[in-house]
Amino acid sequence: MNITQEDIRSRIEINSISGNEIEVNMGPHHPSTHGVIRFILHLDGEIVVRATPDVGYLHRSIEKIAEKLPYSAFMPYTDRVDYVAPVNCNVGYALAVETMGNLEVPERATWLRMLGMELTRIASHLLGVGALTVDLGAYTPFVHALREREYIFDLMEILTGTRMNNNYVRLGGVCQNVNDDFFEKLSKYLDHFVLFLDEFERLIGLNKIFIERLKGIGVVKAEEAIHFSLSGPNLRGSGVQIDLRKTDNYCFYDQLAFDVVVGKGKFGVVGDSYDRYDVRIEEMKQSEKLLRQILSKIKEGEIQAKIPKKLILPEGELYHRTEAPRGELGFHIISDGKSLTPYRVKIRTGSFTAMTTLSDKLKGMMVADVIAYFASLDVVAPEVDR
Amino acid sequence: MKYSIDICEKLVQLVSPVSAEIIQRESKMPIVKISAQEVRKVIQIAVSNPGLKFNFLNNISGTHLTEISEEGDIKSRGFALLYVLSRSDDFSSVVIGVDLPDLNPSVDSIDDIFGSANWFEREIYDLLGVVFNNSCDLRRIMLPDDWVGHPLRKDFQEKSSYNGIPTTREDELAAVRVDNL
């Protein structure tokens with residue numbers, strides 16, 4: 001007999017489980033909370049009756065710091081918004097300021113930014129799926145994914161000068177140029193990466209236990225995903241075909257061909273945890289395609305535009321969003337038109353809205369599935385708290 | 001980003017051309033400015049009107065508005081909230097702005113319309129002290145429950161200690177700095 005989460009939920013409503021509720025603290029320091037996030041779980045046996053997520057342990061006042069710093073000096077802090085995908089955060093912020101101040105960016109700089117973004121997206125998804133497997137008890141695939149991420153860090157080191165927290169982007173350009181040697185290395189790496197993804201799929205993606213742990217677990221239907229403002233791979237995992245790289249047309253994504261991957265319910269239902277895993281795997285393949293196209297299109301040229309040393313943006317406000325690996329990354333910037341610092345910067349992140357689904361979705365789940373569902377959302381704690 | 005002035009005008013027509021107006025008309029992001037009492041009504045129209053269908057909440061952000069006098073004193077002018085809504089098919093967006101008074105700023109909650117709104121509102125309540133009426137769960141989200149004050153307000157003064165823990169520390173390097181030797 002199959003008992004679904006819906007059945008259990010209806011039994012919770014009428015208090016027909018044993019009624020012996022205990023309160024369990026999961027986190028803040030729990031290996032599967034991907035940073036510092038705490039859940040207060042009310043359990044009846046193994047079943048979650050009520051779940052309250054508690055965040056804020058990694059709140060670093062980044063928005064307040066932004067109000068004290070000149071526009072260009074805030075760039076290194078954007079690395080730390082989502083430290084798994086720093087370049088995407090850099091570009092998100094830079095584009096917001098550049099759009100507001102009508103600053104030009106040289107063509108090569110934009111291509112280099114896209115190169116950095118797609119490489120980072122792959123690295124970030126590798127960590128995402130790797131952490132998902134290790135949370136379910138499969139250690140080996142995690143190590144394989146991290147090994148690949150190290151190779152990408154080697155490339156990032158050539159491209160940006162640092163392996164993590166790259167601080168690569170400058171307002172109006174990027175910090176350093178690369179020579180053709182790098183492009184050759186990258187192209188060689190991509191040949192290897194395709195083989196790796198195939199291997200990874202055989203290693204874990206098609207593993208029976210792995211599939212059983214994820215299929216049909218934590219199903220988020222399309223309308224629920226929209227209701228909870230899920231974004232990025234989590235939204236697409238629910239079958240909603242939205243990718244800001246397509247809809248918002250920033251950088252040169254309109255010149256490149258790629259598919260928007262959506263969840264298809266490969267083994268279970270559309271929007272289950274396996275779909276979110278699958279979307280990330282497929283998205284890495286798309287990023288690989290994008291990187292090859294970028295390599296064929298990138299030309300010699302300037303990498304930094306002249307921007308005023310003392311940059312003052314015109315009075316007004318703008319909400320600018322980009323597609324980061326964890327979904328919509330929006331920067332809402334307000335300028336008073338006379339000072340060197342922004343009046344207000346609000347950062348909207350994909351992990352923040354992914355967290356809002358938890359107290360509803362965890363109800364009626366087994367504790368082990370809580371971890372599977374949460375890991376499949378690929379939440380990164382610093383991005384929730386900022 | 002796709003912000004269209006036509007959609008803003010349509011929304012203004014549907015709401016009320018008297019009380020709603022479009023600001024930042026010439027900029028990249030026109031904003032439909034409405035009065036604080038109308039927030040729920042306007043957002044419900046934006047969500048459910050067949051010609052609009054903005055059923056995705058991207059963001060809610062709050063700002064403390066201030067004026068700095070010639071003497072350098074900070075004078076509060078109230079608060080501003082900004083709602084960004086999108087369509088779930090083509091992701092074109094509309095932006096709705098609200099101004100709130102300085103004293104007891106409050107606005108109706110929209111957490112029954114959008115599941116994600118509650119956390120956005122909790123963050124604004126926590127960091128700016130704007131109260132959302134009829135909210136299902138209005139608690140602090142980032143800061144501890146016993147925190148006093150709202151740090152994103154421009155006139156926020158940090159206390160020297162929190163629960164006996166000093167928030168500043170002595171300058172340990174002061175003794176070895178060249179200008180102090």
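Where does Phe91(B) lie?

Residues are numbered from 1 along each chain as its sequence is written, while chains are lettered from A and ligands numbered from 1 in the order in which they are written. The model is predicted, and local features need pLDDT of at least 70, side-chain atom pairs count only at pLDDT 80 or more, and totals for chains, interfaces and linings use all residues.

**Chain B: a loop and a sheet**

Phe91(B) lies in the loop between E4 and E5 of chain B, where helices (H or I, at least four residues) and strands (E, at least two) are DSSP runs numbered from the N terminus. Although Phe91(B) is not a glycine, its phi is positive, at about 60°. With 19 C-beta neighbours inside 10 Å, Phe91(B) counts as partly exposed; a residue is buried if 20 or more other C-beta atoms, placed from the backbone, lie within 10 Å of its own, exposed if 12 or fewer, and partly exposed in between.

Next, select the strands of the open sheet in chain B, five of them in the order E1-E2-E5-E4-E3, with mixed pairing; two strands pair if DSSP finds at least two bridges between them. Strand E1 (21-23) and strand E3 (56-68) of chain B stand at the edges with a single partner strand each, so one side of each has no neighbour in the sheet. From one strand to the next the twist averages 30°. E1(B) pairs with strand E2 (residues 31-34) of chain B in the antiparallel sense, over three bridges, and Val32(B) in E2(B) is the bridge partner of Ile22(B).

Axes here are lines fitted to C-alpha atoms, for helices over the stretch in contact, and angles run from 0 to 180 degrees between N-to-C directions.

**Where the chains touch**

Show both chains together: the contact takes 33 residues from chain A and 29 residues from chain B, two residues being in contact if their C-beta atoms, placed from the backbone, lie within 7 Å. On the side of chain A that touches chain B, the largest share, six residues, comes from E6(A). The residues of that side divide into ten nonpolar, 13 polar and ten charged; Ala, Val, Leu, Ile, Met, Phe, Trp, Tyr, Cys and Pro count as nonpolar, Asp, Glu, Lys and Arg as charged, and the others, Gly among them, as polar.

Stay with E6(A), which is mostly covered, eight of its nine residues being buried. E6(A) and E7(A) form a hairpin with two residues between them, and nine bridges join these antiparallel strands.

**Helix pairs in chain A**

Select helix H12 (residues 273-297) and helix H15 (residues 367-377) of chain A, whose axes come within 9 Å and cross at roughly 30°. That makes H12(A) roughly parallel to H15(A), since angles under 35 degrees count as roughly parallel, over 145 as roughly antiparallel, 65 to 115 as roughly perpendicular and the rest as oblique. Ser273(A), Arg276(A) and Tyr277(A) in H12(A) meet Ala372(A), Tyr373(A), Ser376(A) and Leu377(A) in H15(A). Nine of the eleven residues of H15(A) are buried, so this helix is largely enclosed by the rest of the structure; among the buried residues are Val370(A), Ile371(A) and Phe374(A). Just after H15(A), Asp378(A) takes a positive phi of about 55°.

Asn249(A), in the loop between helix H11 (244-247) and H12 of chain A, also has a positive phi of about 55° although it is not a glycine. Asn249(A) is exposed, with 12 other C-beta atoms within 10 Å.

Move on to helix H6 (residues 139-160) and helix H7 (residues 180-205) of chain A, whose axes come within 11 Å and cross at roughly 170°. That makes H6(A) roughly antiparallel to H7(A). Their contact has 13 nonpolar, one polar and two charged residues, including Tyr151(A) and Leu155(A) in H6(A) and Phe193(A) and Phe196(A) in H7(A).
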